[in-house]
Amino acid sequence: MNAAATGNAVKRVGMVFSGGPAPGANAVIAAAASAFRRAGAEVVGLLRGYTGLHDRPEGEALQENVDYRLVKDADLRGLRNQRGVWLGTARTNPGREVNVVSDLDDPHKTRGLRRVYDSLCELELDALISIGGDGTLRTANLLYEYQKRLPAGAKRVRIVHLPKTIDNDYAGIDFTFGFFTAVDVMAKELLNLRADAIATQAYYLVATMGRRAGWLAYGVGIAGEAHMTLGVEDVRGSLRDQDGRLDPVALVDLLVELITTREKRGKRYGVVVLAEGLAELLPDSEVAHLPRDSYGHISFSSFDLGRVLSARVAARHKELTGRSVKVTGVQLGYESRCAAPHAFDVLLGSQLGLGAYRALESEGLDGYMVSVSGQLDLRFVPFANLIAPGTLTPQVRFVDPDSDFHALARRLATRVESLG
């Protein structure tokens, strides 16, 4: 379908980046904006995520260079490899009151979506390019579904979404931009800690970002030569309590088993990578008091899993062996989010940005995510294929415990009997 031929040509397009930063963000922004500028379209960059569109006082107009900016050609020169997020970002959640499909018919619960929709109309946008993680995909889908319920003849702002997360836990795409840069940055940090552990005959428990899936932890563990990596995908069998939660006592015992196994081989040092998503599986008695973000996730900065476990592991080891061992908890993640992008993330981000142009201008799509496969071949995935059936929640892509990727992490680590 050719958008111009059907009267749906994009003359003015908006771009919004929401959620945590990710290396390669500016490659996405630059490639998409450049493609539309070359086609003669105006590009409007929305600043600080959905903040300006959603939080402005009632009746107050959007302000240029405060809430949005008109993208010029000069803005895009050399942008693809720059650190950070040129448009800025935030975690404003316009759809926080919409929890079930029927809520989309409730004017009170959709008031946040209405404010954003009105702002998009005020900016006279024909389309919106959404860039972000699963929370941002959720918002994009809610805006799409909200507009489907508008009266006939109401203005429609077409929406396409570009997947962003260093966590790589997205359904519908093999790798997300920022993942390989984050792995590279944290793996180098892990190698430093490994050298320190050898020099001081100590252990480091390193908690990495990654949210609910273990992709980032396994990648860092493999590239950083960890002696054990544990993701949420490993929480099964003896690691689960009677309620199906992660048993903290069993987890501590497993880490002590790693230490004693290595001691028997004359090795009194090691590094362990722990996926932050493990915290989400702990019993309420461990995490009920912790603050959560607007999407319900435990705040990573408020709960250092490695530090919490380190004292317990050292105490349990001494209880069982009578010997002391130095165990230190370390948290990694934030330092990787605005690192200089790996070349692959620049390539991937650039292709996704051009994919947004093709989806809107050449294919005339609405309610689709841009994806790639194979040799960066573009694909377009309907939102409906990415949302868990009967919900408004995007599906999470976990690491398959039977996959070769998971086996790679396990086989390169110290063999511990409890893990098989």
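User: Hi! Let's start with the helices: how do H5 and H6 lie relative to each other?

Analyst: Hi! H5 and H6 are oblique to each other. This is a predicted model, by the way, so please read everything I tell you with that in mind.

User: Noted. At roughly what angle do the axes of H5 and H6 cross?

Analyst: Roughly 50 degrees, and the axes come within 8 Å. H5 covers residues 179-200, and H6 covers residues 215-223.

User: Nice. H6 also passes H11, so what is the crossing like there, left-handed or right-handed?

Analyst: With H11, H6 makes a left-handed crossing. H11 spans residues 404-411, and its axis comes within 9 Å of the H6 axis, crossing at roughly 45 degrees. That angle makes H6 oblique to H11.

User: Which residues make the contact?

Analyst: On H6 they are Trp-215, Tyr-218, Gly-219 and Ile-222, and on H11 they are Phe-405, His-406, Leu-408 and Ala-409. Six of these are nonpolar, two are polar and none is charged.

User: What about H7 and H9, at what angle do they pack?

Analyst: H7 (residues 248-264) and H9 pack at about 60 degrees, with their axes 9 Å apart. H7 and H9 are therefore oblique to each other, and their crossing is right-handed.

User: How many charged residues does the contact of H7 with H9 have?

Analyst: Four, alongside nine nonpolar and three polar residues. Among the residues that meet are Asp-253 and Glu-263 in H7, and Arg-312 and Arg-316 in H9. Leu-251, Leu-255 and Ile-259 of H7 are in the contact as well, and H9 includes Leu-309, Val-313 and Leu-320 there.

User: Where else does H9 pack?

Analyst: H9 (residues 305-321) packs on a sheet, where it touches strands E6 (203-208), E8 and E9. The direction of H9 makes about 170 degrees with that of E9.

User: Which strands are in that sheet, and in what order?

Analyst: It is an open sheet of four strands, ordered E7-E8-E6-E9, with parallel pairing. E7 (228-230) and E9 (327-332) are the edges; each has a single partner strand, so one side of each has no neighbour in the sheet. The twist from one strand to the next averages 20 degrees. E7 and E8 (residues 270-275) pair over three bridges, and Leu-230 stands opposite Leu-274 in E8.

User: Switching to the open sheet of seven strands: what is its order?

Analyst: It runs E3-E2-E1-E4-E5-E10-E11, and the pairing is mixed. E3 (68-70) and E11 (377-382) are the edge strands, each pairing on one side only.

User: Which way do E4 and E5 run, and how many bridges join them?

Analyst: E4 (residues 127-132) and E5 (residues 158-163) run parallel and are joined by six bridges. Ala-127 has Arg-158 as its bridge partner in E5. E5 also runs parallel to E10 (residues 368-373), joined by two bridges, and His-161 stands opposite Met-369 in E10.

User: And E10 to E11, parallel or antiparallel?

Analyst: Antiparallel, over six bridges. Ser-371 stands opposite Arg-379 in E11. E10 and E11 form a hairpin with three residues between them, and Gly-374 in the turn has a positive phi of about 55 degrees.

User: Last one: how many salt bridges does a search of the whole structure find?

Analyst: It finds 21. One example is Asp-118 with Arg-114, where the closest N and O atoms are 3.1 Å apart. Those two are four residues apart in H3 (residues 111-122), so about one helical turn separates them.

Notes:
Residues are numbered from 1 along each chain as its sequence is written. This is a predicted model: local features need pLDDT of at least 70, side-chain atom pairs count only at pLDDT 80 or more; totals for chains, interfaces and linings use all residues. Side-chain values use heavy atoms; hydrogens and water are left out. Axes are lines fitted to C-alpha atoms, for helices over the stretch in contact, and angles run from 0 to 180 degrees between N-to-C directions. Angles under 35 degrees count as roughly parallel, over 145 as roughly antiparallel, 65 to 115 as roughly perpendicular and the rest as oblique. A crossing is left-handed if the near helix is turned anticlockwise from the far one by less than a right angle, and right-handed if clockwise. Contact means heavy atoms within 4.5 Å. Ala, Val, Leu, Ile, Met, Phe, Trp, Tyr, Cys and Pro count as nonpolar, Asp, Glu, Lys and Arg as charged, and the others, Gly among them, as polar. Two strands pair if DSSP finds at least two bridges between them. A salt bridge is a side-chain nitrogen of Lys or Arg within 4 Å of a carboxyl oxygen of Asp or Glu.
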